[in-house]
Amino acid sequence: MAKAAVKKQHDGKLLEVRDLKIEATVYPPGEDPKDVTIVHGVSLTLERGKVLGLIGESGAGKSTIGLSSMAYGRGGVRITGGEVVLNGRDILKAGRGGIRKIRGREVCYVAQSAAAAFNPAHKLMDQVVEATVEHGTATRAEAEKRARALFRKLSLPDPDNIGNRYPHQVSGGQLQRVMTAMALCSEPDLIVFDEPTTALDVTTQIDVLAAIKDAIRDTGVAALYITHDLAVVAQVADQIMVLRHGKLVEWGDTRQIIKEPRQEYTNKLVSVHEIEHQEKTPGASPVLSVQNVTASYGGGMDVLKNVSVDIYPGQTLAVVGESGSGKSTLARAITGLLPPRNGSIAFNGRTLSNALRERTRDDLRELQMIYQMADVAMNPRQTVATIIGRPLEFYFNMRGRERDAAVAELLDKIEMGKGFADRYPAELSGGQKQRVCIARALAAKPKLIICDEVTSALDPLVAHGILRLLLDLQAEEDVAYLFITHDLATVKSIADSIAVMYRGEVVRYGSKSEVLAPPFDDYTDLLLSSVPEMEIGWLEKAIGGRRMASAGN
Amino acid sequence: MGSPILKLIAQRIALGILLLLAVSVLIFAGTQILPGDVAQAILGQSATPEALANLREELGLNQPAIVRYFQWLGGVVTGDFGTAMTSRQDIATAIGGRLWNTLFLAFWAAAVSVPLAIILGLLAVRYRNGPVDKAISGFALASTSLPEFFVGYLLVFFFAVKLQWFPGISTVYDGMPFLERMRAIALPATALTLVVLAHMMRMTRAAILNVMQSAYIETAELKGLSQLDIIRRHAFPNAIAPIVNVVMLNLAFLVVGVVVIEVIFVYPGMGQYLVDHVTKRDVPVVQAVGLIFAAVYIGLNIIADIAAIVANPRLRHPK
C-alpha cells in the first residue's frame, strides 16, 4: 500500500542520475599512483517499469554507472560528484546504514558470472531469499513461496526443489536464471543486469534472455541492462544509452538507436562487421590431417569421438560448437598436450607422434598456438621484445642485433610500432596484447597456428581489427589456421571450411558455403538461429522457430 | 553424504595409520643407532662383560632388532610401553597421569586461544587496515615474536612475584579441587595462549581476506548485508578449511610443544617427563613419549583434513 503511494508521488520517475562523476586511483607500473576519472558527468533518467540499455566497449563505464544506482563502487572506485536520486531522494547522501536499506530492497543486482556470484557454501534457496528476509519485507516462508513461483516463471527445471541444491549442482544457464529470481524475490523497483548472458553459450543465451525478458514484463520492474552486445540489448530495452570513455555518446529509443543512429560511433557499433572473405578451394594435400581421433581425460568418458578433419596450406578451418563440445580438446590433441587414445595426426606429410615429448623441435616450431586470454599467456615480467624474441632465440638461434631487427619486423607486421618493444604486457590494451601473442606465434615461422577463441574476450571493434590482421598475415605468410570459436559471425569472416562439433563429435563438416547452406541438421540450425540479430522482435521469432532445445541451458 | 566423501575420509585415516607406523620405525631405529644400549646404560661404567651379557639376555637385547621392534610394537598396540629403566616403573601408568595433565593444560589453553584467535581475526577483517586491525596484529605479532620461555618468565615476574595473584610453580596433584587446579595452570595456559594466538589469528585474517575478494562477497554486499554478517555468513564458511588446518597445527603444538613451558612452571606433564628421561637416557620412555606425540600430531592433522573435506560442499553434495 505504502509502496503504491510512493510510486504515485513521484509520477513515474524512478531513477534520476545527475552529472555523475566517478574516479579511481590507478597504479601504473613504474609510476606514482594517480587519480583518473572514469565517468565524466553522465546524466540519465529511468521511469518505472522501463528498461534502459547501457552499451559500450570495455572501459566505457557502463558497469560503473549501473552500480552507482546502488551507491556502490567496485574495486576502490569512488563516486565523487553528482546525484543519484532513487524514489525521490539522493541515495549518495543516505549514509552507510541508509544505503544498506536500499540495496537488496529497492535495487537488486544480477552479475555477469552467476557461477562466481553465488556462495558455494550455501544452498540456492538460502541465498535467493536472504535479502528479502534480511530487510524484513516478507517472512522466510513467504519469501520461499515467492522464490518457487519465480523459479517456475523463469522455467527452471523442478522449481519446487531446485532451491535445495548447491550452486555447483546446476548449470551456468540455470544459475543465471536463479540469480534473476534472487533479484526479483525482494520485489525491488529496479534491477541492474550486468552482462547477464555474456558468459553463456549462444544456444543458452537465447533461453536466458527470453526468461529475463518475460520476468521483467510480468513483474513490471524497471531495469538497467548493461551489455556490450547491441543485438542482445535491442531485444529487451525500451531505450538505449551509448557510452564511450565514461561519456554519453547517444541516448534514444531502441528503434532509433539501431535504425537511425545519429552519432558516428553508434553507427560503427550498429553496422555489421562482417568481413567479405572469399572462400578458397582445398589444395592438393592438407598440411594437417586428423584421422579418426578419439581422446579422453584420464581414461574417463570420451570427449573426442572419432574426429577427422583436414586443413590445407594457407587456409582456415573453423571449429565451432558450444562449451563442452570438444573444440579445445581437439586443439590439445593436435598439439600433443592430450595424447589421443586412437587415430593419427599427419602434419606436413609426416605422422606426428601422439605424445608431446616425442615430437621434434621442428614439429613444435611449425605448429603454434594463440589463446583466448592474451594477458595470462604472457609473462607479465617480460617486455614485448623479450616475449617475441624468445622463439627467435629458441628455434633460430638469433642473438643481439639480428634478433632485435627480427622483432622490429614482427612488430611492424602486427601494426605496432617499435616503441612497444620495451613495454610490459600490463601497459598494453587487450587488442595489443593479442597482437603480441600473434607476433610470438609468427616468430616461429609456423605452417599452422591454432587460434583458440582469440577474439572472444575482445570488444567487437577490436576483434574486427584482429581478424583483419590474421587474414592479412595469412595472405602474406601462407600460414594455415585452425580457428576455434563459438561465434558464428567470426566464422563467416574468416573460414574456408567449417567443422561443427557437438558433444565430442563432428556433426557437420565441409567448405564454408556447404556448411552454411540449407538444409541444416538440427544442431547447426539451432546454432545458426541462436545468434542474436540486431532486429527488434528477433528473440520471439527465433524462439518460436526452433527445432531442438539447447543442451546446456 | 555420498560414498566419495566416506572413501576420502577412509583414505586419510588409513594414510594416518601408515604414517604412524613409519614414525614408529623411525623412533625405534633412531634409538638403536645411539651408541651403547640399555644394559650398558643401566650398569654404567663399572659393568663387567659377564654382567652385561646377563642383563642383555634378561632384557631380550640379544635378539635381532627387527624381532625387538615387533615385540615393542605389539606391546604398544596392547597398551604396554614396557618399564622405565631408571625407575623400574611401568611406563604406561606413569604416562597416564602425566598425559592427562598435559591434555588438561592444552585443553584450557585451546579453549581460550582458539575462539579468541578467530574472533580477533574476524574483527581484524571487519576493521581491516584501520587502527583496530593494526592494534590486534601488532599485539599478536609481538607476543609471538617473544620466545616462550621469556613470556613465561615475564608472567611469573608480574603475576606471581609482584602481584602474587597466581602461583609461580604449577604444582598439581591427584584429587586437587578443580578451581585450585585452574589457578595453578593459569600462568602456563596464558603463556601458551600468547604463543599460539598470533599464528591462528593471522591465518584466520588472511584466509577470510582471501575469500573477501570473491564475487559472492560483492553479491552479499549488494544485498544490503552488514559487514559483520557478510564476514560471518558468507566469508567464514568458505575459509574454514585453511583455518581448521592452522588451528590443528597449533593444537598439536599445545600438546607436543609444551616442553619448555612445563619445565619453566615445573608442571608435571608429558614434556617435563620427556626432558627428565632424556637426560637419564631412559630409552624406552623416550620411545613411548615420542610415539604418543607423533600420534597426537598425526591424529589432529587427520581431523583437520577431514574437516576440510566435510566443509567442501562439492564433496558433501556431489552432482
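A residue is called buried if 20 or more other C-beta atoms lie within 10 Å of its own, exposed if 12 or fewer, and partly exposed in between, with C-beta atoms placed from the backbone. The strand spans residues 190-194 of chain A, and five of its five residues are buried. Helices (H or I, at least four residues) and strands (E, at least two) are DSSP runs, numbered from the N terminus.

This is a predicted model, in which local features need pLDDT of at least 70 and side-chain atom pairs count only at pLDDT 80 or more, while totals for chains, interfaces and linings use all residues. Residues are numbered from 1 along each chain as its sequence is written, and chains are lettered from A and ligands numbered from 1 in the order in which they are written.

Next come the partners of the strand. Strands of a sheet pair through backbone hydrogen bonds, either parallel or antiparallel. Two strands are said to pair if DSSP finds at least two bridges between them. Strand β6 (residues 107-110) of chain A pairs with β7(A) in the parallel sense, over four bridges. Within this region, Cys108(A) has Ile191(A) of β7(A) as its bridge partner. Strand β8 (residues 222-227) of chain A also runs parallel to β7(A), joined to it by five bridges. Asp194(A) stands opposite Ile226(A) in β8(A). From β7(A) the chain passes through helix α8 (residues 202-219) of chain A to β8(A), in a right-handed β-α-β crossover. Right-handed here means that, with the strands pointing away from the viewer, the path from the first strand over the helix to the second runs clockwise.

Chain A also has an open sheet of four strands, in the order β2-β1-β4-β5, with antiparallel pairing. Its edge strands, β2 (34-47) and β5 (89-90) of chain A, each pair on one side only. Two bridges join strand β4 (residues 78-86) of chain A to β5(A) in the antiparallel sense, and Val85(A) stands opposite Asp90(A) in β5(A).

Now the contact between the chains. Two residues are in contact if their C-beta atoms, placed from the backbone, lie within 7 Å. Chain A gives 24 residues to the contact and chain B gives 16. On the chain A side, α3 (95-102), α4 (114-117) and α5 (124-134) each supply at least two residues. That side divides into 12 nonpolar, six polar and six charged residues; Ala, Val, Leu, Ile, Met, Phe, Trp, Tyr, Cys and Pro count as nonpolar, Asp, Glu, Lys and Arg as charged, and the others, Gly among them, as polar.

One residue of helix α5 of chain A is Glu134(A). Glu134(A) counts as buried because it has 21 C-beta neighbours inside 10 Å. Apart from neighbours within four places in sequence, Glu134(A) is in contact with Gly104(A), and with Lys223(B), Gly224(B) and Leu225(B).

Chain B has 14 helices and zero strands. Of its 319 residues, 34% are buried. Its C-alpha atoms fill a box of roughly 85 × 60 × 35 Å, taken along the principal axes.
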